[in-house]
Protein chains: 2
Amino acid sequence: MADLPRPTDAELSILRVLWRRGPSTVKEVHDELARRAPAAYTTTLKQLQIMTEKGLVTRDESQRAHLYVTRLPEEQTQTQLVGDLLDRAFEGSASRLVLRALSSRPAKPEELAEIRELLDRLEGETK
Amino acid sequence: MADLPRPTDAELSILRVLWRRGPSTVKEVHDELARRAPAAYTTTLKQLQIMTEKGLVTRDESQRAHLYVTRLPEEQTQTQLVGDLLDRAFEGSASRLVLRALSSRPAKPEELAEIRELLDRLEGETK
DNA sequence: TTGACAATACGAAGACCTTCGTATATCGTC
DNA sequence: GACGATATACGAAGGTCTTCGTATTGTCAA
């Protein structure tokens, strides 16, 4: 199975809607997107058709209004994107990326606590 | 001052060389890049000219072989890229991004320790 | 069965990205 | 001053991304 291409910006916007909503029609996706930025219905349709060709989504054509579903779960795509950025801009250094992530946004205390737990778990495994 | 555009893949490759080497000529950048993937000299030249137009780099034309310099330090661009990814794929959740970063790569123990220190520092500030 | 509506299919335009070939300018040296 | 070597400038091709208008198909109801 060929690897999926890195989603473009517009494709990622659509994937986000599909991850949140689950299987959706073009109309449902379009309505969500149009809320933020007005766009033509056929733009969303075309994007979903292209994404189907690329394998980023699959579609169920059993009904008149096709249902689109993401091919990969959100976590997997996020991991792909982070790994990609790691290679392109961080020479593979995860710690540097984490450093920038936390300096890019003021993270909430709960988030910091979550990360700390994650570290505990990871260091436990290494032993 | 207008914000700089997000660097493309090819542009980022060049920026990485400039960050590592400091001010460099086209030839110097090209030689570094050609080591990994063969390419025409004029391709690198053209990219640097475009990057100059965009403001990603500046150049010193006082010598025959122009010297190119990054406009932003590496850290700032990294912060921009991470913040961008945070918005596009993580709904702004830094902790989720960190989670994916660490699951994307087996991080070395030293790196985990670094991150832990960073957390200590951040939580210290919040108090 | 036809008309109105809602959906998909298709093509194309315009912007950007990436690459490269060719033309032109500049420097040192014989 | 002419030649070779080394620079930069420029234009264009080919690909991808994004958007949209128009054509076509399918469905339901009067």
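Reader: Which residues are the closest to DNA strand C, and how many surround it?

Author: In this predicted model, DNA strand C is surrounded by 22 residues, and the closest are Thr8(B), Ala10(B), Ala40(B), Thr42(B) and Lys46(B). The elements that give two or more residues to this surface are helix H2 (26–36) and helix H3 (41–54) of chain A, together with helix H1 (9–21) and helix H3 (41–54) of chain B.

Reader: Which element gives the most to the surface near DNA strand C?

Author: That is H3(B), with 5 residues. Taken by class, the surface near DNA strand C has 7 nonpolar, 8 polar and 7 charged residues.

Reader: And what about DNA strand D, which residues are the closest there?

Author: Around DNA strand D there are 22 residues, of which the closest are Thr8(A), Ala10(A), Ala40(A), Thr42(A) and Lys46(A). Here the elements giving two or more residues are helix H1 (9–21) and H3 of chain A, along with helix H2 (26–36) and H3 of chain B. The largest share, 5 residues, comes from H3(A), and the residues of this surface divide into 7 nonpolar, 8 polar and 7 charged.

Reader: How are chain A and chain B related, in terms of rotation and shift?

Author: Chain A is superposed on chain B by a rotation of 180° with 0.0 Å of shift along its axis, and the RMSD is 0.1 Å. That is the relation of a two-fold axis. Within chain A, the C-alpha nearest the axis belongs to Val98(A), at 2.9 Å from it.

Reader: Changing topic, which residues have the most contacts inside the largest nonpolar core?

Author: The largest nonpolar core has 26 residues, and those with the most contacts inside it are Val98(A), Ala101(A), Val98(B) and Ala101(B). Helix H4 (74–89), helix H5 (94–104) and helix H6 (109–126) of chain A, and the helices H4 (74–89), H5 (94–104) and H6 (109–126) of chain B, each supply at least two residues of this core. Leaving aside its neighbours within four places in sequence, Ala101(B) is in contact with Val82(A), Leu86(A), Ala94(A), Leu97(A) and Val98(A).

Reader: And Ser104(A), is that residue buried or exposed?

Author: Ser104(A), which lies in helix H5 of chain A, is buried, with 20 other C-beta atoms within 10 Å. Once its neighbours within four places in sequence are left aside, Ser104(A) is in contact with Thr79(B), Val82(B), Gly83(B) and Leu86(B).

Reader: One last thing, in what sense do strands E1 and E2 of chain B pair?

Author: Strand E1 (residues 57–60) and strand E2 (residues 67–70) of chain B pair in the antiparallel sense over 4 bridges, and they form a hairpin with 6 residues between them.

Key:
Residues numbered from 1 in each chain as written. Chains lettered and ligands numbered in written order. Predicted model: local features only at pLDDT ≥ 70, side-chain atom pairs only at ≥ 80, totals over all residues. Near = placed C-beta within 6 Å. Nonpolar A, V, L, I, M, F, W, Y, C, P; charged D, E, K, R; others polar. Pairing = 2+ DSSP bridges. Core = buried A, V, L, I, M, F, W, Y, C linked by C-beta atoms within 7 Å. Buried ≥ 20, exposed ≤ 12 C-beta atoms within 10 Å, placed from the backbone. Contact = placed C-beta atoms within 7 Å. Least-squares fit on C-alpha atoms with pLDDT ≥ 70 in both.
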